[in-house]
Amino acid sequence: MLNIDYDRHNEEVRRLLQAERVRMSIACSPRMILSDPALNQEQVTFQEYIEDPEKMLAVQCRFQEYFSDEIISDREMGFQNLESIPVYPDTQNVLEAAYFGCPIAYHGFNEPGTRICLTEENKRAFLDQEYPSIFTGLSGKTLEYMDCFAQQKKKGYTYHGKPIGAIGPAGTGTDGPFTIACCLLGATELCIALYEEEDFARALLSYITEGAIQRIRALRRHLGEPERSKEFFFADDSIAMLSEQDYRRFVLPLHKRIIQELAVEGSRNQIHLCGNASHLFPAIQQELNVYTFDTGFPVRHGRLVQELAPGTVILGGVHVDLLLNGDAEAIRAETRRILEEVKPHTRSFIIKEANNLSPGTRPESLLAMHEAVRQYGRYENPMTP
């Protein structure tokens, strides 16, 4: 266990609100527990985790303890300081593809994926199907799990003395129409279809877009939320394969439609894009009013913060493979390199792992990154965000 003075660390985090230095964030999930034999001593598989709400609850509590005590970043830390434990129905990255019909592929202690479900024989008939209800399939299970967690909270469930806190939903965003189309049809097949069967490809992308809108609307109604939000967070990782010309031609109109239907007019939106989709960022910002980019790898951070509008929040940083396998000196050097690229140009950059921390990453590696941020991330000159 890391020897961290949580009170001192948390006081420094509170001072960061005054923008003394670049902030460090780390994104990870309960797969940190499930895929690490040293932490998953009960040997819970992903299938058991996703299909059993009691096991999901237990693993999430263990993860929150581990995250609070061992994963250092610029947030308040220390399991002892938690008033309660937030939980949510966690389906990893398979919920939306499964909603549209992809079978889930489980891989033991490695995170699940989905299998292609469209073939030459059934792909056109697929477009005539009605959209599933949010109360069926995996989507329905997530709603059942929210009720299950609420019942456990009402009964007084605790983990090391900490009660259940906020119960979050699943599926309030979208993985993106192009990415879901790749899941359904296959990435190669979809890219070929854009040119050889353009009418079908466009119809498939439109079908997915409308289905995503209807699903999110229905979920928001069920949760008692407004149908249009003040901002919209979405993803579409697979657009990294497209040129800007093809993105504007095939996908941008669909992204516009999603935001128009699910966010209020003038909303400032957020996007997550794995891989290197930075060649599309200026168009995305201009056309979709996106001012927060959660980036993948590889990204030229210094160039990116200069290409986008002042005040744009960009999250990016050290590759997860380096954090998993590199030594402390290499991690510090890469952290410093990235910081020195961005500091002269913005105060809106947040350094993090690129992208989604790998199970088995040593907490000491993140500590080396954090020490480098504290040393090299301080701003030298006054600057307006």
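Rings of Phe, Tyr and Trp (its six-membered ring) are treated as an aromatic pair if their centres lie within 6.5 Å, with planes under 30 degrees apart classed as stacked, over 60 as edge-to-face and the rest as tilted. By this rule, 9 aromatic pairs are counted. F232 and F234 form a stacked pair, with 6.0 Å from centre to centre and 20° between the planes. The structure is a predicted model, in which local features require pLDDT of at least 70 and side-chain atom pairs pLDDT 80 or more, whereas totals for chains, interfaces and linings use all residues. Residues are numbered from 1 along each chain as its sequence is written, and side-chain values use heavy atoms, with hydrogens and water left out.

Burial is assigned from relative accessible area: under 20% is buried, over 50% exposed, and values in between partly exposed (1.4 Å probe, protein chains only). F232 is buried because its relative accessibility is 2%, and F234 is buried at 2%. One aromatic cluster consists of Y99, F100, F126, Y131 and Y207. A charge is taken to sit over a ring if NZ of Lys or CZ of Arg is within 6 Å of the ring centre and within 35 degrees of the ring normal. The cluster member Y99 has the charged end of R215 over its ring, 5.9 Å from the centre. K162 lies over the face of F79, at 5.9 Å from the ring centre.

A nonpolar core is defined as a set of buried Ala, Val, Leu, Ile, Met, Phe, Trp, Tyr and Cys residues joined through side-chain atoms within 4.5 Å. In soluble globular proteins, nonpolar side chains tend to be buried together. The largest nonpolar core comprises 102 residues, of which F178, L184, L204, I239, Y247, I284 and I351 touch the most other members. A second, separate core of 5 residues includes I134, L143, M146 and A218. Contact denotes heavy atoms within 4.5 Å. When residues up to four places away in sequence are not counted, Y247 touches I239, L242, L252, H255, L280, I284 and L288.

Helices (H or I, at least four residues) and strands (E, at least two) are DSSP runs numbered from the N terminus, and two strands pair if DSSP finds at least two bridges between them. An open sheet of 6 strands is arranged in the order β1-β11-β10-β9-β8-β7, with parallel pairing. Its edges are β1 (23-24) and β7 (233-235); each has a single partner strand, so one side of each is left without a neighbour in the sheet. Within this sheet, β10 (residues 313-319) and β11 (residues 349-354) run parallel and are joined by 6 bridges. L315 has I350 of β11 as its bridge partner.

An open sheet of 3 strands has the order β2-β6-β5 and mixed pairing. Its edge strands, β2 and β5 (158-159), each pair on one side only. I85 belongs to β2 (residues 85-87) and is buried because its relative accessibility is 1%. S84 lies in the loop between α4 (53-70) and β2. At 26% relative accessibility, S84 is partly exposed, and S84 touches P163, I164 and G165 when residues up to four places away in sequence are not counted.

Strands β3 (residues 104-107) and β4 (residues 110-114) run antiparallel and are joined by 3 bridges. H107 stands opposite N110 in β4. The two strands form a hairpin with 2 residues between them, and G108 in the turn has a positive phi of about 65°.

S35 occupies the loop between α2 (31-34) and α3 (46-51) and is buried because its relative accessibility is 17%. Leaving aside neighbours within four places in sequence, S35 contacts F46, F109, N110, E111 and P359. The side chain of S35 reaches the backbone oxygen of F109 at 2.5 Å; a polar contact is a pair of N or O atoms within 3.5 Å, where, within protein, one must be able to donate a hydrogen and the other to accept it, and residues adjacent in sequence count only if both atoms are side-chain atoms.
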